[in-house]
There are 2 protein chains.
Amino acid sequence: MHGLKPGDRRVRVRRPHARYFRYEAPGLFVAKPSADEPSGPLGHALATARHALFGRPLSSEEEAHERLPKWKALAVFSSDVMSSVAYATEAILFTLLAAGTEIFGYLMPISLLIVGLLILVTFSYRQTIRAYPGGGGSYIVAHANLGTMAGLVAAAALLCDYVLTVAVSVSSGVWMMASAVPALLPLSVPIIIGSILMVMAVNLRGLRESGTIFAGPTYLFIGLMLVMIVTGLVRVLAGDTPQVTGAIPAAVPVEAFGLLLFLRAFADGCSAMTGTEAVANGVPAFKPVEWVNARTTMLVMSIMLGVMFLGTSYLAGVSGAIPATNQAILAQVALATFGSTPLYYLLVAATMGILILAAQTSFADFPRVASILAKDGFMPRRFAFRGERLAFNAGIVALALIAIAVIIPFGGRVEALIPLYAIGVFVSFTLSQAGMVRHWFVARGMGWRRSALINGLGAAATGVVAVIFAVAKFSHGAWIVIVVIPILVAAMLFVRREYARHEAALAVRPDVVIARPHRSQRVIVAATAVDRAVVQAVQAGHTMVDEVDVVHVAVDPEEGERFRDQIMRQLPGVHVAIVESPYRTLVRPLIRYLEVIHDEDPEAVIIVLLPEHLEAHWWDRLLYNQNAGEIRRALVGREHIVVLDVPYRRELPEAA
Amino acid sequence: MHGLKPGDRRVRVRRPHARYFRYEAPGLFVAKPSADEPSGPLGHALATARHALFGRPLSSEEEAHERLPKWKALAVFSSDVMSSVAYATEAILFTLLAAGTEIFGYLMPISLLIVGLLILVTFSYRQTIRAYPGGGGSYIVAHANLGTMAGLVAAAALLCDYVLTVAVSVSSGVWMMASAVPALLPLSVPIIIGSILMVMAVNLRGLRESGTIFAGPTYLFIGLMLVMIVTGLVRVLAGDTPQVTGAIPAAVPVEAFGLLLFLRAFADGCSAMTGTEAVANGVPAFKPVEWVNARTTMLVMSIMLGVMFLGTSYLAGVSGAIPATNQAILAQVALATFGSTPLYYLLVAATMGILILAAQTSFADFPRVASILAKDGFMPRRFAFRGERLAFNAGIVALALIAIAVIIPFGGRVEALIPLYAIGVFVSFTLSQAGMVRHWFVARGMGWRRSALINGLGAAATGVVAVIFAVAKFSHGAWIVIVVIPILVAAMLFVRREYARHEAALAVRPDVVIARPHRSQRVIVAATAVDRAVVQAVQAGHTMVDEVDVVHVAVDPEEGERFRDQIMRQLPGVHVAIVESPYRTLVRPLIRYLEVIHDEDPEAVIIVLLPEHLEAHWWDRLLYNQNAGEIRRALVGREHIVVLDVPYRRELPEAA
């Protein structure tokens with residue numbers, strides 16, 4: 001390959017080294033995996049370790065294989081919804097407790113109301129899945145049918161709730177675990193944070209592995225819950241109703257019973273429904289035919305949720321469960337039903353497992369929504385960028401960190417997080433279904449009236465619930481979400497405006513053919529000393545013009561003369577200008593000097609070469625003044641000046 | 001001036017615009033003040049405001065006028081030492097209080113011991129001033145005579161104590177003020193911080209104004225103190241001994257009286273002597289003959305300190321003053337002597353004033369010591385750089401910020417800061433005087449034996465005191481200083497090593513004549529899109545070679561083809577290479593491509609142009625990936641590659 005004639009460039013470009021690239025066409029190279037591998041033994045070892053932890057890199061073409069069969073999809077998309085039976089009943093009772101245990105009879109009516117709402121929403125979303133086989137997240141549907149603002153409000157609401165899903169689910173899982181092993185209670189917060197980081201790591205591996213990892217615990221949980229409900233019902237029918245013992249009732253501020261308390265209990269119970277939209281968001285992850293499989297999965301999921309939620313609430317009511325400081329409601333019911341048997345501990349473990357994994361739903365959807373927003377320019381572009389394993393790394397890491405930041409101030413207490421929860425989901429439910437109504441009126445396909453009616457009912461119901469949430473839970477924490485959503489929307493609009501302005505400022509008119517520069521030019525090196533960085537810049541200058549000027553700002557006249565002598569001795573043919581600065585400033589006199597040079601010949605382009613020492617350590621910032629940066633900021637953007645930074649690295653990585 | 005022939009460069013350089021520069025010789029321009037003025041109405045307004053606050057810029061030649069007459073020098077350099085009478089007596093009593101008021105009789109013996117030590121140190125430093133008319137700070141003397149390590153230990157100790165001087169003096173001043181106006185006590189910390197920032201601002205104006213501002217309060221304080229002492233003595237002689245009333249005694253942990261407690265009381269009282277070395281450090285600020293004026297000033301200062309300190313201690317003893325929660329000792333004595341007269345309030349005000357101004361001594365010396373260390377390469381260079389007003393701005397600002405950082409955790413309580421105080425001063429006293437002994441043995445000028453004896457006695461005495469400090473006050477806070485000093489020394493050695501390594505790595509051998517580059521070269525623009533920044537880089541590339549290559553890493557093959565088409569259409573004659581990256585990485589495939597290019601012709605230099613969007617806002621960091629920086633870090637320093645950043649600014653400051 002070597003030994004070609006120096007001038008024969010075309011030939012060289014067409015024969016690149018085959019080690020790193022596949023040569024496809026003139027000037028078109030496709031990188032092989034080897035091109036992404038770091039060189040050097042340390043870099044190689046690190047890459048090997050990363051691949052062991054997160055799997056080998058996947059090329060973009062491998063995406064199609066990352067689809068999920070229904071049974072895996074159910075696990076990935078339903079762990080949130082399913083697991084909420086672990087805290088929804090408790091959330092209702094916790095609120096009712098304020099008016100005394102006498103009113104616990106309202107538990108079943110409230111639960112039935114919620115299941116009714118669930119049925120409505122499920123059928124409503126089945127319409128969405130059919131209409132948006134490419135993924136019908138609330139943002140997409142609201143954006144397409146109701147406009148940008150509605151879309152962004154839906155997106156912001158969803159993003160908030162994804163964060164809260166992670167916070168509530170993992171906190172609840174650790175609370176469940178501590179119900180069985182009280183010694184762990186003081187360690188709750190560190191365990192919660194560790195669990196979130198674990199889920200994050202699993203997600204950085206990519207989607208396919210996630211499905212495999214999460215299927216086991218999900219099905220174990222569903223199975224054990226059904227066994228518990230059946231066992232409990234049989235015992236009730238046999239006259240041996242399970243009775244809760246050993247619960248230490250929680251102390252809560254006393255309130256009189258009234259409509260507001262009832263609505264708050266209902267609102268808190270609606271946390272059971274968060275995550276219902278997950279399947280609709282994730283349609284493209286299903287195997288073909290995607291929308292059919294997604295609809296089936298959604299229906300199965302809602303039925304299972306309804307059964308488990310009603311069963312748990314019923315058993316909690318008959319067994320005398322009460323919100324306690326030492327045991328979660330579900331743990332009380334399970335203990336009363338199974339007794340202190342291995343089955344009890346297995347159910348606690350499975351609940352804990354599915355709750356921690358429930359965060360997975362958010363880890364699947366938050367990055368997906370963020371990437372859609374990023375592609376539309378509403379979020380920083382890095383959220384749209386997929387990592388080696390085809391996962392949206394930025395979104396995954398951001399979700400984990402924000403969730404941890406939310407958990408810490410609340411100390412990981414589920415009952416403190418619940419009032420913030422679900423409001424975002426119902427806002428996005430409402431906008432999404434309202435958008436669907438509009439969709440049907442515009443599309444008018446087969447059976448559009450029926451679809452529009454279903455979606456309209458769904459939108460009306462969830463809209464009313466969202467208003468109930470805002471009113472009933474406002475002072476209990478919902479205000480935080482109500483404040484954050486508009487801030488997020490504003491931030492997203494700001495991001496898009498910034499991108500648009502940036503693009504407009506940089507845009508080259510597409511019809512213009514840009515000619516080569518023809519103006520005369522001067523090349524000036526701004527030097528603080530005669531060192532290798534300056535020599536490199538002078539050499540670079542010589543590739544542009546025959547005669548390079550070096551300008552030096554001297555605070556001390558003698559030092560200026562020494563500089564001139566050294567340049568004239570060591571870099572013959574370079575012209576030196578010394579600018580003495582009696583007021584000890586360095587930047588502005590240099591700029592004024594360049595302005596003077598420009599004024600003398602306004603037609604010429606001045607190319608300013610700035611030798612720059614590349615920072616090797618963080619402390620270099622303290623040791624060296626960043627004059628180059630200041631000069632650059634002052635000069636860049638002037639019409640007649642082109643600034644070129646010439647970075648120099650102290651230690652040569654190869655030659656050293 | 002315009003209209004010259006384009007090639008006629010020499011002529012243009014020799015006739016710069018007279019608006020900004022004085023033309024001295026071929027290629028030598030001296031900046032006028034106008035060259036430092038910002039352009040534009042906003043910049044001009046800001047500069048005017050800055051000059052109003054901090055004074056007009058001073059050129060380096062104006063330095064000689066910044067010398068101080070003796071009476072001003074006394075105010076500038078003595079406020080620290082003088083003001084310590086406000087807290088030294090209180091510090092002794094506070095420590096003695098632990099063993100009960102019965103042992104307050106030790107106050108006078110301890111005070112006399114301290115004055116004895118003061119006399120010894122004063123005469124010792126008079127030798128130093130004579131031997132080092134250029135400024136005989138502890139660092140200079142110890143460094144010159146005992147070596148680098150001794151010098152750095154002395155310097156680190158001094159820097160610590162300058163910080164503590166600011167903290168103790170200002171805290172004590174505010175405590176004095178709150179003694180007379182109790183309502184201010186809860187606001188102590190904000191008032192302390194505000195006062196430090198005020199002193200900082202005064203110092204940024206430069207030294208001369210400082211002398212003028214500080215002379216008044218200093219002489220007012222000295223005068224009032226003498227009036228108080230004389231009044232008190234007359235009343236004692238007249239049988240009308242002043243009696244303290246209304247003091248609420250402070251509660252302290254009880255200790256048995258013993259040698260350690262006595263030594264601690266003595267050590268705390270030695271805080272009176274901090275600042276004694278200020279005059280020796282500041283000799284060059286005196287008017288000529290500098291060393292003679294400095295010696296006189298030093299003697300006057302010590303005599304006044306001795307008189308005021310002994311007078312205060314005596315009156316505190318006879319009047320029954322006791323450390324209190326509501327009143328400083330000096331305030332008690334003044335109230336007992338003067339009664340609640342205007343004279344009392346005037347003394348409180350003057351004490352408060354001189355204490356806050358005492359910080360001035362540190363603001364005069366800390367930046368001076370820091371600048372000497374910076375010139376020797378032991379501290380970041382910016383500490384050696386003087387601002388517009390000939391003040392060492394970096395040192396002034398650093399001192400203010402560090403002092404504030406020390407005050408906050410101690411809540412501005414003087415008695416908590418005192419145990420940390422003075423140990424640094426006595427360490428540097430000892431090293432400085434030991435260095436002087438060695439100096440006399442080497443120099444052997446007239447009367448060297450007597451000088452060596454005086455310095456030897458001083459070194460021995462202060463050395464013993466320093467050991468007493470370390471032992472007696474160790475657990476009361478002195479350990480902090482004992483830990484910080486070696487850390488500072490290590491940091492200073494590290495800084496010098498870094499500068500030395502940096503210089504060695506960048507050094508050009510002074511005997512080498514560097515020839516022009518003669519290797520063949522390729523110019524490659526790394527582009528992510530076809531935008532103005534890329535067009536600018538291509539144009540810059542055309543100034544170097546006829547044929548410019550553009551390389552583009554494409555994650556999506558279609559996007560790559562669009563890129564190629566657009567370049568070929570809009571930038572004819574530019575050669576395009578597309579590198580497809582199926583694994584979605586951008587940086588490493590580009591680097592591998594450049595390596596391939598290099599391997600094909602190892603003799604050629606590859607000039608890589610990196611178009612860069614200059615960040616306009618802090619949020620640009622979130623919105624745009626900094627790939628250019630990553631590519632630069634990976635490429636710079638390779639032997640055959642020269643990297644040139646081509647920054648582009650979105651908004652043109654002039655053309656927009």
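Tutor: Two strands count as paired if DSSP finds at least two bridges between them, and helices (H or I, at least four residues) and strands (E, at least two) are DSSP runs numbered from the N terminus. The model is predicted, so local features need pLDDT of at least 70 and side-chain atom pairs count only at pLDDT 80 or more, while totals for chains, interfaces and linings use all residues. Residues are numbered from 1 along each chain as its sequence is written, chains are lettered from A and ligands numbered from 1 in the order in which they are written, and side-chain values use heavy atoms, without hydrogens or water.

Student: Which strand of chain B is joined to strand β2 of chain A?

Tutor: Strand β2 of chain A covers residues 28-31, and three bridges link it to a parallel strand, residues 575-580 of chain B. In this pairing A:F29 stands opposite B:V579. The partner strand is β5 of chain B.

Student: Which residue stands opposite B:Y23 in β2(B)?

Tutor: Within chain B, β1 (residues 21-25) and β2 (residues 28-31) pair in the antiparallel sense over four bridges. They form a hairpin with two residues between them, and B:G27 in the turn has a positive phi of about 70°. Opposite B:Y23 is B:F29.

Student: How much area do chain A and chain B bury between them?

Tutor: Counting a contact as heavy atoms within 4.5 Å, 134 residues of chain A touch 133 residues of chain B. Buried area is the accessible area (1.4 Å probe) that two parts lose on being put together, summed over both. Of the area buried between chains A and B, 54% is on carbon and sulfur atoms, and the total is about 12300 Å².

Student: How far apart are the closest N and O atoms of the salt bridge between B:E612 and A:R632?

Tutor: A salt bridge needs a side-chain nitrogen of Lys or Arg within 4 Å of a carboxyl oxygen of Asp or Glu. Two are counted between chain A and chain B. For B:E612 and A:R632 the separation is 3.3 Å.

Student: Where in chain A is confidence lowest?

Tutor: pLDDT is the predictor's confidence in each residue, from 0 to 100; its mean for chain A is 84, and 91% of the residues reach 70 or more. Helix α13 (residues 329-338) of chain A has the highest value, 93. Residues 1-14 of chain A lie below 50, yet that stretch has 29 contacts in the model beyond near neighbours in sequence. The lowest mean, 43, belongs to residues 9-14 of chain A, which form helix α1.

Student: What ipTM does the predictor give the complex?

Tutor: Besides the per-residue confidence, the predictor reports a pTM of 0.69 for the complex. The ipTM is 0.71.

Student: What is omega of the peptide bond from A:P288 to A:V289?

Tutor: Most peptide bonds are trans. The bond from A:P288 to A:V289 is cis, and A:V289 is found in the loop between α11 (278-281) and α12 (290-319) of chain A. In chain B a cis peptide bond also joins B:P288 and B:V289, with omega about -5°. For the chain A bond, omega is near -5°.

Student: What separation do the C-alpha atoms of A:P249 and A:T325 have?

Tutor: A:P249 lies in the loop between α9 (207-237) and α10 (259-269) of chain A. Beyond four places in sequence, A:P249 touches A:I322, A:P323, A:A324 and A:T325. A:P249 and A:T325 are 76 residues apart along the chain, and their C-alpha atoms are separated by 6.3 Å.
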